Each structure stands twice: as C-alpha cells, then as structure tokens.
Amino acid sequence: MKNITIKIKGMGCQNCVKAVTEELTALDGINKVNVSLENACAEVEYDESKVTTDKMLEVIKELEYEPSL
C-alpha cells in the first residue's frame with residue numbers, strides 16, 4: 001500500500017467532504033480515505049497496482065473541485 005495527500009480547492013462543507021470520500025472509496029484499489037475540510041486535502045491509502053493518482057485526480061475534477069499533488 002502507498003499513501004498520498006491530494007490538495008483539494010473548492011470544498012466548502014461536509015457534503016463536499018462526503019462526495020469526495022464516496023467517489024474515491026468507490027475506486028478499485030483504494031484502501032482508506034480521510035478527507036479534511038479544514039486542511040483542504042484528502043489522505044489516501046491505495047494499491048498502486050490497481051489505481052493511479054491520475055485516476056484519483058480525475059474523479060475529484062469530475063466533482064468540480066481542483067485537486068493537486
């Protein structure tokens with residue numbers, strides 16, 4: 001398992017946190033997700049043989065937030 005922190009601009013409430021958490025958790029290869037509204041980021045534990053960071057960023061962008069590594 002590998003860990004990554006993704007910075008996320010545009011989240012404003014707990015519904016934003018819930019949406020990002022649900023979408024990332026739905027990806028195959030994601031083991032654990034902790035989204036922080038206060039720090040505007042998501043800490044993700046994942047299996048790099050099953051999911052790429054590009055895919056994670058894509059999913060967050062589809063929710064209309066601005067992710068970055």
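Visitor: What makes a residue count as buried here, and what share of the 69 residues of the chain does so?

Guide: Buried means under 20% relative accessible area, with exposed over 50% and partly exposed in between, for a 1.4 Å probe and protein chains only; by that cut-off, 38% of the 69 residues of the chain count as buried. This is a predicted model, in which local features need pLDDT of at least 70 and side-chain atom pairs count only at pLDDT 80 or more, while totals for chains, interfaces and linings use all residues. Residues are numbered from 1 along each chain as its sequence is written, and side-chain values use heavy atoms, leaving out hydrogens and water.

Visitor: Why is strand 3 called mostly covered?

Guide: Strand 3, residues 41-46, has 5 of its 6 residues buried, and a strand here is a DSSP run of E with at least two residues, numbered from the N terminus.

Visitor: How do you know that strand 3 pairs with strand 1 and with strand 2?

Guide: Two strands pair if DSSP finds at least two bridges between them; strand 1 (residues 2-9) is joined to strand 3 by 6 bridges, antiparallel, and strand 2 (residues 30-36) also pairs with strand 3 in the antiparallel sense over 6 bridges, so both pairs meet the definition. Ile6 stands opposite Ala42, and Asn34 opposite Glu43.

Visitor: How do you know whether the radius of gyration agrees with that of a compact globule?

Guide: The rule, 2.2 Å times the number of residues to the power 0.38, is set against a radius taken over C-alpha atoms; for 69 residues a compact globule would come near 11 Å, and the chain has 11 Å, therefore the two agree.

Methods:
Helices (H or I, at least four residues) and strands (E, at least two) are DSSP runs, numbered from the N terminus.
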